[in-house]
Amino acid sequence: MNDPILSLTDVRRSFGEVEVLHGISLELRAGEVHALIGENGAGKSTAMKILCGYLSATSGVVSFKGQAHPFKDANEAEAKGVVMIHQEFNLADMLSVEENIFLGRELRRGILLDKKAMQAKTRVLLDQLNCSAPATARIDTLSNSDKQMVEIAKALSRHAKVLVMDEPTAVLTKTETAVLFEQVEALRAEGAAILFTSHKLDEVRQIADRVTIMRDGDVVHQGPTADMSEDQMAEAMVGRDVSQLYPPKGSVPQDADVVLKVKNLTVPGYSTDISFDLHAGEILGVSGMIGSGRTETMEGLCGLRRATATQVQINGVDVRITAPKQALGYGLCYLTEDRKGRGLLLDKSMRENLTLQALDTFGSILIDRAAEEAALATATKDFDIRASHKDVKVGNMSGGNQQKLLVAKTMLSAPQIVIIDEPTRGIDIGTKQQIYEFIRGLANSGKSVIVISSEMQEIIGLTDRVIVMRAGRIAGMLSGHDIAEEPIVRLAMGMAAQTELKTKEPV
Amino acid sequence: MAATDTATTPQRVARKFDLMVWGPVLALAALIVVGALMNPNFLGYANITNVLARSAFIGIIAVGMTFVIASGGLDLSVGSMAAFVAGLMILVMNAALPTLGVGIPVILLGMLTAIVAGVIAGFINGVLITKLGIEAFIVTLGSMGIYRSLVTWLADGGTLSLDFSLRTLYRPVYYDGILGIAWPIIVFAVVAIIGEIAMRRSRFGRYCAAIGSNNEVARYSSVSVDRVRMATYVILGLLVGLATIMYVPRLGSASASTGVLWELEAIAAVIIGGTVLKGGFGRVWGTVIGVIILSLIGNILNLTDAVSPYLNGAIQGVIIILAVILQRDKKTRT
Ligand SMILES: Nc1ncnc2c1ncn2[C@@H]1O[C@H](COP(=O)(O)OP(=O)(O)OP(=O)(O)O)[C@@H](O)[C@H]1O
Ligand SMILES: [Mg+2]
């Protein structure tokens with residue numbers, strides 16, 4: 001075995017007085033793909049940031065090619081070929097794709113920027129990744145998966161010797177992930193060392209040569225990936241058996257009340273003539289490719305975008321919703337997929353975030369602080385939210401714990417109908433199980449849930465009925481045993497599902 | 001397990017001495033010590049009353065400005081708005097004098113005019129900013145010019161003066177008080193206390209901070225973002241009206257030079273007090289201290305001859321920049 005190129009030895013790290021890494025060691029070798037997995041808040045991102053010079057270790061040694069304490073900051077690390085892709089996007093929103101990729105290393109001709117050359121190189125990089133975003137597009141106009149591709153292109157353009165990726169696939173579809181993995185394999189073949197995290201254990205099995213498993217700031221297992229099954233990995237991460245990921249499905253009676261009836265909902269530019277019924281106690285899945293208009297349709301329904309419809313009925317009463325506040329008044333609530341940009345106030349504490357949506361219920365004239373604290377205590381317990389201390393800024397919490405807080409926040413306003421967009425993005429498998437159980441519990445208690453998800457298994461395992469969207473329209477609807485990978489994919493791609501379709505709702 | 005940390009770890013980080021929180025208080029204390037050492041009359045009743053009463057106008061406005069800035073907005077028009085409202089108020093009172101005669105009703109009419117005009121002016125700013133989505137900086141830069149020019153036009157380039165008979169009647173609103181505390185100081189204190197409670201403990205204050213912190217998150221959290229932002233400008237307009245009511249009896253006149261640079265002084269006070277200029281966090285008590293700091297600097301320079309009073313602006317400038325540096329320090333420290 002060759003010598004490690006980049007390694008951590010007995011590294012500890014504290015934030016304030018709370019230690020989050022308790023002496024971990026990790027070795028990255030050239031030509032090897034290494035996966036780092038663990039629960040939310042286990043310390044994966046922190047370990048990666050220390051490797052790449054974004055954070056310093058409180059004690060212990062980072063060494064690069066045998067040299068200890070190699071980088072004084074991330075810029076120096078990058079200059080030496082150690083490149084990191086962060087869990088949250090790290091792009092300048094108002095700059096173009098090309099400007100981001102070449103930020104700080106612009107190509108010049110004389111004293112002027114050589115725009116042409118940079119745009120051409122950007123095009124080549126993006127084409128490698130099958131990404132069609134124009135080089136001149138501004139970042140804030142891109143979809144999440146395109147943004148991720150730009151991040152990856154930026155890292156590739158650095159000709160990394162060590163590439164560290166923090167949950168690169170969280171916002172990618174299966175196809176996009178496959179494209180990324182081709183690039184990873186090419187890099188491995190060129191002799192780069194690669195470290196990545198993912199909560200999707202099948203990906204880890206598929207591409208990683210070695211795996212390191214962390215739990216609560218300690219390394220609990222290290223070894224070749226081939227030696228472990230997904231279930232064994234999950235168990236090592238969580239410390240309990242999680243092979244039964246999905247709770248048993250409920251049985252929605254045929255004559256269950258229709259709580260939400262939508263007819264011909266159109267969101268200009270995104271979706272056309274969307275009609276469906278939602279029953280009490282039902283979990284309705286919305287599947288489809290990214291860009292098929294799932295999110296925008298639901299945002300339109302909740303008054304977050306301009307939309308028209310011939311009829312929207314809640315509990316049998318016709319309603320017209322033009323603002324989210326109204327939707328909430330009818331017990332309808334949308335939980336965003338974009339937790340950083342739309343879900344949480346990153347520079348505020350958990351308490352302020354938790355109660356923001358349901359603030360009306362806390363006190364009469366003045367806000368009841370004690371009630372807020374109590375709600376926070378309940379939420380951290382119910383949703384198992386882990387933070388280093390309760391006044392930590394939400395932006396400093398681990399991604400998965402942010403997601404749990406977001407779910408808790410939405411549930412606090414006690415919606416009767418809740419639309420959850422990508423409920424488990426960036427969440428570890430143990431927590432996933434908890435969230436699925438929670439969603440099923442909601443349905444069993446008579447509430448109705450719409451789950452938008454890009455994760456096929458989640459749709460199949462969790463939902464009672466599935467709408468498949470394609471290019472802004474409903475391509476088909478599946479229920480019961482028809483909910484399976486093949487028919488969903490066929491519908492999403494624009495082919496008829498093999499099984500008999502129930503495209504039309506009984507009116 | 002980390003989950004239990006949540007419940008048991010006290011807020012150690014917040015307990016540490018924080019320059020951003022205590023900075024303005026220390027600066028104020030330092031100024032008071034310097035002032036007292038330089039001139040024995042500094043801490044006298046007359047001087048303190050004078051300083052506080054004069055800072056009341058800016059102070060009342062700055063409290064409103066705190067909400068505007070905390071929610072990510074800005075209002076450059078308050079100074080010229082105050083001048084315009086003052087001019088309008090004087091015109092209305094003078095015009096009503098023949099019919100109503102000298103008496104309380106005229107004064108009340110004038111006050112009502114000021115409040116209504118302030119609210120309407122704030123509302124117009126708010127509509128342009130929230131409904132039409134134009135940058136607050138641009139809208140209020142425009143309305144600043146408009147009100148300044150309107151008051152100049154109303155006064156025909158000169159000065160609008162309140163009828164002499166009314167002046168005597170109105171004077172006590174600035175110069176009198178109860179229990180030896182001047183009315184402007186009382187009004188300022190009441191506004192500040194209500195503002196402080198509203199910022200810290202009311203939904204409105206929480207929503208302002210949320211919107212300033214991330215507009216989209218607030219919107220997705222079912223906050224009526226436009227309504228809240230609109231309210232901040234209307235409240236600020238109302239407070240401008242209130243400040244004008246306290247200001248007019250002082251000189252009994254309004255002209256093109258009334259309220260010049262008040263907007264910058266109000267904004268400066270807000271920033272010195274620790275409110276974040278780009279929004280997301282507001283502190284009304286800090287603003288009050290900021291206002292007092294700014295007027296104490298002028299006062300001390302007037303009372304002593306160690307430094308020329310002409311350097312007032314320079315010293316205020318240094319303090320503002322220092323305040324912002326302290327804020328930034330906090331942001332980049334991790
Ligand atoms: N800047 C910070 N200040 C305070 N605490 C922090 C900070 N950064 C991270 N933490 C804490 O350190 C712990 C580990 O966080 P980290 O982000 O490394 O977890 P993770 O394994 O990447 O989790 P996830 O899968 O959710 O992304 C968490 O408890 C988190 O709250
Ligand atoms: Mg992480």
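**Figure 1. Overall dimensions of chain B in the predicted model.** Chain B has a radius of gyration of 21 Å, which agrees with the value near 20 Å that a compact globule of 334 residues would have (taken over C-alpha atoms; the globule rule is 2.2 Å times the number of residues to the power 0.38). Along the principal axes, the C-alpha atoms of chain B fill a box of roughly 80 × 55 × 35 Å. Of its 334 residues, 51% count as buried, that is, under 20% relative accessible area with a 1.4 Å probe, protein chains only. This is a predicted model, in which local features need pLDDT of at least 70 and side-chain atom pairs count only at pLDDT 80 or more, while totals for chains, interfaces and linings use all residues. Residues are numbered from 1 along each chain as its sequence is written, chains are lettered from A in the order in which they are written, and side-chain values use heavy atoms, with hydrogens and water left out.

**Figure 2. The contact between chain A and chain B.** Chain A gives 44 residues and chain B gives 30 residues to this contact (heavy atoms within 4.5 Å). About 3200 Å² is buried between the two chains, 52% of it on carbon and sulfur atoms, where buried area is the accessible area (1.4 Å probe) that two parts lose on being put together, summed over both. Arg342(A), Leu356(A) and Ile367(A) supply 17% of the area that chain A buries against chain B, more than any other three residues.

**Figure 3. A salt bridge between the chains.** Between chain A and chain B the count is three salt bridges, each a side-chain nitrogen of Lys or Arg within 4 Å of a carboxyl oxygen of Asp or Glu. In one of them, the side chain of Arg342(A) meets that of Glu216(B) at 3.4 Å, N to O.

Notes. Buried means under 20% relative accessible area, exposed over 50%, partly exposed in between (1.4 Å probe, protein chains only).
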